[in-house]
Amino acid sequence: MKNLLFLFIMLPSIMFSQNNALAEAFKNGEFKKVIEISNIENLRNADDFETHLIIAKSYNEVGDFKQAAEFLKQCERLMKSEWEKSWTLVESIKTNFGTGNIEAVRQNFADAKKVKGTKNSEKALREIALLIGFDELYDNWKIKVTENIIFHFDNSISDADVEKVVTTRQKAFNEINRIFNSNLPKKIDFFVWNQKENYNPYLKSSLGFTRPTLCVSHNRINQTPGHELAHNISFWRNRENRRTKFINEGIGVCFDQQKNNKFEIAKAAYKTHPMNLIDVWKKQTDLGNEILYPISGAFVEFLFNYDKAKFFALVENQTYQDAEVIYGSQLVNLINEFIRNLNE
Ligand SMILES: [Zn+2]
C-alpha cells in the first residue's frame, strides 16, 4: 500500500484532471472501483498518460493481465519523460510475469536499467525484482521445475531437502487442485528461504506469504506443504473474488496437507481464547494469528464437510454478508454448532 501512495505522489496532476473519482478510488487502493469508473466513463481513449497508468496498475492488482496489457499499450504510446517510461516498465513487468512471459520480463528489466527513473519508481523496480526472483540475490539460487511449480531454493539448502520439498509440494498441489479445480495462468513461483524464524530482512516481511495474482509464494523451509499453495489455487478458482482474512487463512490452514486433527487444535486455541466468531469474521484483525489460524482452519473444514457447493461459493465471496446469502438462515445455526463442539 505504501508503494501506491508513492505512485500517487508521483502523479499530482490527476488530482486536477476531470477524473477525480478515479484518482480518489486509486488513492484508497480500491482497484475494482477504478476499473468500474474507467468502464463507466469510457476512459479507454483518454489521452493522458496518468489515467492509463492508473487503470493498467489496477488491472494488474486484480490479476486481469489481458486488460492491463491493453492499457499499457496506451502508456507506451503516450509516455514521454523518463519517469513515465520507468513506471510503465514497472507495470509491464507485473503483466508479463503474471502471464508467465519470462522473456518479456527479462527485456523489461534490461530496458529499465537504461531509463533514469525517480527514486520511487526505482524502489518499486527493486521491490518487484525481489518479489519475483529477478534481484541479483537470487543469482546463485537453485531452480527446479515441476508440472505446476517453479521452485527457487536458497543456495544453502541441501540437495536432500530440495528433493523432499519438490516432491511434497507438487503432491500437495495435485491434492489441493483435485478439490478446487482451478485454472492458474502460470506455474507457481515457489521461493524457499533457509530460515525458520518469521521475519525476512530482504523482503522486509514475515514469511510465508503469497501474492496470488502473480502466483508467487515465499516460504520458510519448515512451513506446511500446502498452506501457501492453497492461497494461490483458491484465488484462481475465480479471479473475481472477494476475500477476507478469516476465510482465506482458514483455507490455507484447512488445506495445508498436514495430517493433524484441525478440530482438536482449534479446541485448544478456543479454550485459551474464547471469542465471538462472527465479530472476528467481520472485523478481521482483532485476533492474533496464533488463535485466528487454528479456529478459522477448523471452521473452514467444518463448512467444507457440511456442503461442498456452498463452500465453493464462499471461497469466491468470503465476507460474513456473503455467507448470509450463501447459507441463509442456516448460517447462525452452523456457527453455533461449531462453537458448541469446540466447547465440548
Ligand atoms: Zn496464509
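The domain assignment divides the protein chain of this predicted model into domain 1 (2-134), domain 2 (140-237) and domain 3 (240-344); such bounds come from an automatic or database domain assignment. Residues are numbered from 1 along each chain as its sequence is written. Local features need pLDDT of at least 70 and side-chain atom pairs count only at pLDDT 80 or more, whereas totals for chains, interfaces and linings use all residues, and side-chain values use heavy atoms, with hydrogens and water left out.

The centres of domain 1 and domain 2, taken over C-alpha atoms, are separated by 27 Å. Their contact takes 15 residues from domain 1 and 14 residues from domain 2, contact being defined as heavy atoms within 4.5 Å. The size of an interface is often given as the accessible area lost when the parts come together. Between domain 1 and domain 2 about 1000 Å² is buried, and carbon and sulfur atoms give 75% of this area; buried area is the accessible area (1.4 Å probe) that two parts lose on being put together, summed over both. On the side of domain 1, Phe97, Leu130 and Leu131 lose the most area to domain 2, together 51% of what that side buries. Between domain 1 and domain 2 the count of salt bridges is 0, where a salt bridge is a side-chain nitrogen of Lys or Arg within 4 Å of a carboxyl oxygen of Asp or Glu. Helices α4 (49-61), α6 (82-98) and α8 (119-132) each supply at least two residues of the side of domain 1 that touches domain 2. The largest share of that side, 4 residues, comes from α8. Helices (H or I, at least four residues) and strands (E, at least two) are DSSP runs, numbered from the N terminus.

The zinc ion has as its protein donors His227 (NE2), His231 (NE2) and Glu249 (OE), lying 2.1 Å from it. The donor residues are spaced H-x3-H-x17-E in sequence. Of these, His231 in helix α10 (residues 227-235) and Glu249 in helix α11 (residues 245-254) link distant parts of the chain, 18 residues apart. Donors are N, O and S atoms within 2.8 Å of the metal (3.2 Å for Na, K and Ca); water is not among the atoms, so sites may look incomplete. Both His231 and Glu249 are buried, a term that denotes under 20% relative accessible area, with exposed meaning over 50% and partly exposed in between (1.4 Å probe, protein chains only).

The structure holds 18 salt bridges. One of them joins Asp64 and Arg239, with the closest N and O atoms 3.5 Å apart. This pair links distant parts of the chain, Asp64 being in the loop between α4 and α5 and Arg239 in the loop between α10 and α11, 175 residues apart. Asp64 is buried at 16% relative accessibility, whereas Arg239 is partly exposed at 22%. A further salt bridge connects the side chains of Arg237 and Glu316 (3.6 Å, N to O). Arg237 lies in the loop between α10 and α11 and Glu316 in helix α15, so this pair ties together parts that are 79 residues apart in sequence. Arg237 is partly exposed, with a relative accessible area of 30%. Within helix α5, Glu70 and Lys73 are 3 residues apart and thus separated by about one helical turn; their side chains meet in a salt bridge (3.2 Å, N to O). Glu70 is partly exposed, its relative accessible area being 35%. A network of salt bridges links Lys57, Glu61, Glu91 and Lys94.

Helix α5 (residues 65-78) also contains Gln67, which is partly exposed with a relative accessible area of 23%. Leaving aside neighbours within four places in sequence, Gln67 is in contact with Arg44 and Tyr59. By contrast, Gln318, in the loop between α15 (308-316) and α16 (320-327), is buried with a relative accessible area of 1%. Residues up to four places away in sequence not being counted, Gln318 touches Arg242, Arg243, Thr244, Ile247, Asn248, Ile251 and Trp281.

Backbone geometry was also examined. Most residues other than glycine have a negative phi, and most peptide bonds are trans. The peptide bond from Leu207 to Gly208 is cis, with omega near -5°, and Gly208 lies in the loop between β5 (205-206) and β6 (209-211). Cys215, although not a glycine, has a positive phi of about 50°; Cys215 is placed in the loop between β6 and β7 (216-220) and is buried at 0% relative accessibility. Gln257 likewise has a positive phi, near 65°, and is found in the loop between α11 and α12 (262-272), where Gln257 counts as partly exposed at 23% relative accessibility.
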